Amino acid sequence: MSAIVETAGLTREFTVRDGPRRRRLTAVDDLTVRIEPGEAVGYIGANGAGKSTTIKMLTGILVPTSGTVTTCGLRPVKDRRRLARQIGVVFGQRSQLWWDLPVRESFRILAAIHALPAAVERARTDELVERLEMADFLATPVRQLSLGQRMRAEVAAALLHAPRLVILDEPTIGLDVLSKQRLREFLIAMRRTDGTTLLLTTHDMGDVERLCDRVLVVDHGRLAYDGDLAGLGRTTGAERVLVVHLAAPSPDLIGIPAARHLSSEAHGLSQRLAFDAETTTAARVFAAVAERVEVLDFTVEEPDIEDVVRRIYAARR
Amino acid sequence: MRATARVYWRLLRAGIRRQSAYRLAAFGGVAANATFGLLKVEVLFATVRAAGGELAGYDVGRMSTYIWLSQALLGSVNLTGRTDIAERIKDGRVAVDFLRPLDVQAAEITTEVGRALFALIPRGIPMLVIGLFVGMAQPGSVAAYPLGAVSLLLAIVISVATAYLVGVAGFWLVETHGVQVFYLVVSGFLAGLFVPIRLFPRWLWVAAQATPFPSMLAYPIDILAGRVGLAGALTLLAAQLAWLAGVGGLGQALTRAGRRHLEVQGG
């Protein structure tokens, strides 16, 4: 089976004005990557690392400076319109809906744009409305939607024509916990039923953990890591953090197996312990803590993506 | 083919519905257009009377038609050079346009024409009512009405397609505001918004003909006011079609070239 995305030596340079001088900036540098049908790939990196530029080249919006890219077997720039029928893209920051019109109307226009037969349009719209719980705001003009509602509508708009490849650029940015959760559940279910290939950029480690089975890390336009999430954790040694809130002020919790005391606050009422998810579990660390002191409450902090990326970047220099 | 027609029909309707969402803005437009219309009545009627009751084919009745039709079209014919696509290029939303299996130029023009057609109702009809009240000349032949209607539609499409050119200049210029303001000043004048182009000195009239602006306003009005006969009307329609082909083709070429030049602004 042929790849959904295949790039070879993909490079894009920009000319930037730096005061009176102009200089060349390489946003994507010699990127060679292959994504197979059905994969779910998280594409992560710092701001300005070249994520959006890559996506723009994959989708035919931006012309590469050099190298080649094939998406869904098509050349994105040359076959832009044919490719547009096979991919669905959500740019979290840019709406593809008609701002002044009801949500429903945007779906109708998009269905016409993608030449969906009336029966398919109805079935697909109904399905998405149900699965993304949009019935309550179908008649609301887009400009009046909450961010969570709008993102659901954006995702539905990108999926209306049942694309083979779905590209999400920061789909959960700014969403509250519940909205994030719903969106992730929907995407997981979509992949299970439709086998859609998913490529997403994000700053949210939770997105990557729950949605992706492969991670690409990009640093200054270059591919810094390509592999699964567990491997990413191994490579970077990024740690999870158990935060415990105790019943009484306690001395620092030193010597918990496979965990490291990070800090204490309020005379030891609140303490932070780092542990490596590869060697132990949150439950084991918690059990060891609970043996020593009375715990009222606890939370587990995931390594944030900036931290993981920073570690990868640091390891490369 | 049918699917394509369906797409553009939807986009046209989207434009109409978008415009209909802004009824309050239309009121402001009506008030401004009516005021300036009455001002033009004062000045241009006096000019016609001073010339002995007829000037360059306009008597008072035809001048009235000219004034009120041009005021009626102001909400629909784009003489400002302001476009949505200019904004979208500037802030990078144009990326979304390129992600659709559509011709970007055709989609944009269709949507804008939809908006313009809707604007005829809240912005156009009140001007015609005032015009009928003041008294307007009617064309000599019944054929002038359908020809005028076609010419009017062409005028709207040409104006939208020409303003689109200003917008896509943004592929090369980071800021198109200067170009747009220049366009605003020149287009209204050469379209005959303030003074019918027939009253221009000959050299200026010739110069105006070398631009698409008269075909956005002066031509349909000359047909509907009966200032030109049947043959004249057909000549004007032919000129409009030529301008449409010209600005349409240029827009198509600029869109293609601009896309290769595009450096989408912002993340």
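**Spans in chain B**

In chain B, residues 224-250 run 29 Å between their end C-alpha atoms, and this span is 81% helix and 0% strand. Keep in mind that this is a predicted model.

- That stretch is on a list from UniProt: an unreviewed entry there gives residues 116-137, 149-174, 181-204 and 224-250 of chain B as "transmembrane region".
- Another span on the list, residues 181-204 of chain B, has its end C-alpha atoms 21 Å apart, with 58% helix and 0% strand.

**Two helices packing in chain B**

- Helix H4 (residues 84-91) of chain B packs against helix H7 (residues 144-168) of chain B at an angle of about 15°, and their axes are 8 Å apart.
- Because of that angle, H4(B) counts as roughly parallel to H7(B); the cut-off for this is an angle under 35 degrees.
- The crossing of H4(B) and H7(B) is right-handed.
- On the H4(B) side you'll find B:Ile85, B:Ala86 and B:Ile89, which meet B:Tyr164, B:Val166, B:Gly167 and B:Val168 of H7(B).
- Sorted by class, this H4(B)–H7(B) contact has 6 nonpolar residues, 1 polar and no charged ones.

**Where chain A touches chain B**

- Chain A puts 27 residues into the contact, and chain B puts in 23 residues.
- On chain A's side, the elements giving two or more residues are helix H1 (51-58), helix H2 (80-84), strand S5 (87-91) and helix H3 (103-113) of chain A.
- The top contributor on that side is H3(A), with 5 residues.
- By class, the side of chain A that touches chain B has 13 nonpolar, 6 polar and 8 charged residues.

Notes: Residues numbered from 1 in each chain as written. Chains lettered and ligands numbered in written order. Predicted model: local features only at pLDDT ≥ 70, side-chain atom pairs only at ≥ 80, totals over all residues. Axes fitted to C-alpha atoms, helices over the stretch in contact; angles between N-to-C directions. Helix = DSSP H or I, 4+ residues; strand = E, 2+ residues; numbered from the N terminus. Parallel < 35°, antiparallel > 145°, perpendicular 65-115°, else oblique. Left-handed = near helix turned anticlockwise from the far one by under 90°. Contact = placed C-beta atoms within 7 Å. Nonpolar A, V, L, I, M, F, W, Y, C, P; charged D, E, K, R; others polar. UniProt positions renumbered as here; feature names shortened; annotations may be inferred.
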